[in-house]
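Me: Could you walk me through some of the packing and backbone geometry here? I have the model open.

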Amino acid sequence: MSATTAPPVPTETKAPRVETPLRRFISEFAESKMAVGALIVFLAIVLIAIFAPLISPQNPYDLAQLDIMDGRLEPGSKSGDGSITYWLGTDDQGRDMLSGIMYGLRISLVVGAGSAIVAALVGASLGMLAAYAGGRTDTVIMRLVDLQLSFPTILSALMILAFLGKGVMNVVIALIVVEWAYYARTVRGTALVERRREYIEAAQCLALPTRRIIFRHLLPNCMPPLIVVATIQIARAIALEATLSFLGLGVPITEPSLGLLIANGYEYMLSGKYWISFYPGIALLITIVSINLVGDHLRDVLNPRLKK
Amino acid sequence: MSVYLLRRLIQAALVMLAMSVIVFIGVYAIGDPVEILISPDADQAERARAIAALGLDKPLWEQYFSFLGNALRGDLGRSFVFNEPALQLIAQRAPATLELAFGATFLAVLVGLPLGLYAGLRPNGVGAKTIMAGSILGFSLPTFWVGLMLIMVFAVQLGWLPSTGRGETVEVLGMRWSFLTWNGLTHMAMPALNLALFKISLVIRLTRAGVRETMLMDYVKFARAKGLAPKRIIGVHVFKNILIPVVTVVGLELGSTIAFSVVTESVFAWPGMGKLIIDSINVLDRPVIVAYLMSIVFMFIVINLIVDLLYSVLDPRVRLESK
């Protein structure tokens with residue numbers, strides 16, 4: 001972080017550190033130990049997902065590496081040839097659960113973050129347009145938002161998957177369609193307040209082009225609530241992707257995400273082989289809870305109403 | 001009031017119409033309608049007959065109007081799998097879903113209200129902190145995974161409750177209900193709790209926030225100054241006022257509870273509408289998909305309409321503002 005803020009200037013008299021907005025933000029965020037802990041956990045999860053091919057004991061998607069004879073082994077047991085210890089057991093195809101979870105995390109995070117980013121772009125643009133254009137444009141966009149938000153996420157997602165069919169790309173599309181409205185509503189609300197501020201008026205008096213006013217002046221000031229919504233929405237997207245994959249509508253069976261790993265363990269649950277569903281669920285839970293805790297605290301820090 | 005009612009009704013009808021266009025476009029225009037609406041097992045002659053019968057050779061707008069006309073007569077096609085009218089299939093499965101959704105809502109209020117009240121009255125206590133942490137967990141836990149864990153603990157390890165299915169049912173009013181038999185209730189316990197988890201957290205948070213706000217109100221201070229017993233202040237004055245938002249939200253959430261029962265029903269093999277739609281998507285039984293989407297959208301619009309109307313009765317400002 002110190003790369004983006006000016007380092008403290010060493011002076012003879014011990015001057016107080018220069019307070020930049022970013023530094024204030026960081027110190028306020030650090031006030032909650034829980035949020036910092038959650039952030040560290042989340043970063044660790046991201047690192048695990050990125051470096052999964054380097055650190056996982058096995059490539060769970062390479063069918064040649066899987067030995068069906070090792071199927072449904074208990075946690076801690078050794079593979080048939082003794083080369084790997086399956087710390088979290090194996091699933092029905094002899095896939096090491098630990099490796100499966102590491103690779104599954106990648107899909108879950110990519111789908112969750114990817115859809116959240118695209119939805120944020122679409123939603124923020126439309127919300128900004130609604131706020132800036134006003135009038136009929138505003139009415140049409142906000143009616144659409146109302147309509148979208150009046151239906152539960154799972155229903156919209158099911159509808160889209162029923163039309164488009166199964167598949168990762170279709171899940172991403174469904175998530176974007178489900179999420180954009182949250183961003184649009186948030187950005188419009190903030191933008192409506194911000195555009196009446198003096199700095200916008202000043203920019204208009206300088207006859208700056210509208211595009212410049214929107215992107216360089218209005219948008220940066222709408223960022224804080226957008227970031228909060230994005231954090232929460234990433235967690236929601238990951239949970240929804242897992243749910244859809246569990247229902248068999250998401251990712252293909254050869255490259256399981258966390259949701260599908262859990263679904264695979266469903267039928268073995270009844271015979272007491274809990275680990276196939278249990279551990280991917282724990283991984284999913286830790287991911288979602290850590291994002292939610294960070295988002296929860298971000299909301300408190302970025303909320304001007306709670307400023308001391 | 002009647003003007004408001006009329007306006008709201010017209011709005012609802014328009015939304016329903018818009019949704020019918022979306023569903024129509026989704027099923028008839030995006031995919032290949034021949035593939036979608038005619039069973040893949042059909043032979044050539046059957047296909048040709050079906051294309052003519054469905055009017056798939058006509059222009060799109062004409063097809064839409066015939067789809068709309070049939071829908072208004074309650075005809076949304078026949079299921080390929082069950083060979084029954086799709087709408088009838090949905091209607092048969094509806095009681096199972098409804099009793100699950102109502103059971104979950106009931107549980108949410110029964111558990112969430114007292115916990116939220118406690119957390120709101122002693123916001124800094126260990127108990128309250130535990131409850132609030134638990135509610136964050138309730139928001140974050142993936143429903144389907146909790147369902148699996150419930151099965152693992154209560155059905156497999158402890159063997160207290162049956163893992164799947166609906167159990168014995170009793171026929172009342174021409175529909176089969178399982179909450180009226182003991183066996184059915186034991187089958188319902190886990191799915192209902194599973195579906196309720198999210199709502200419990202919601203009710204806890206709403207109640208807690210409501211209590212904390214209400215306790216600072218002048219009328220509560222006045223009641224205290226008057227020397228009323230704390231039990232009476234909380235039981236009558238505070239409780240009444242926090243109930244309005246809680247009831248509103250729980251009512252509004254009923255629709256989403258029904259929609260989310262898709263997940264719970266799949267986990268517990270509960271034979272409701274949700275399980276039907278997932279099975280139908282998996283075997284591409286499109287008439288059932290269309291019927292499910294149209295009927296659930298209809299239900300949503302009706303619920304939203306009722307909530308809006310109740311609101312305008314409870315709070316005259318809503319009515320006046322719209323004039």
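Reply: Helix α6 (residues 153–164) and helix α9 (residues 210–246), both of chain A, pack with their axes 11 Å apart and at an angle of about 50°; helices here are DSSP runs of H or I with at least four residues, numbered from the N terminus. This is a predicted model, in which local features need pLDDT of at least 70 and side-chain atom pairs pLDDT 80 or more, while totals for chains, interfaces and linings use all residues. Residues are numbered from 1 along each chain as its sequence is written, with chains lettered from A in the order in which they are written.

Me: Switching topic, where is Ala207(A)?

Reply: Ala207(A) sits in the loop between α8 (198–205) and α9 of chain A, and its phi is near 60°, a positive value in a residue other than glycine.

Me: Is Ala207(A) buried or exposed?

Reply: Ala207(A) is exposed, having 6 other C-beta atoms within 10 Å; the cut-off for exposed is 12 or fewer, and for buried 20 or more.

Me: Last one, how many residues of chain B are in contact with chain A?

Reply: On chain B, 34 residues are in contact with 32 residues of chain A.

Note on methods
Two residues are in contact if their C-beta atoms, placed from the backbone, lie within 7 Å. Axes are lines fitted to C-alpha atoms, for helices over the stretch in contact, and angles run from 0 to 180 degrees between N-to-C directions. Helices (H or I, at least four residues) and strands (E, at least two) are DSSP runs, numbered from the N terminus.
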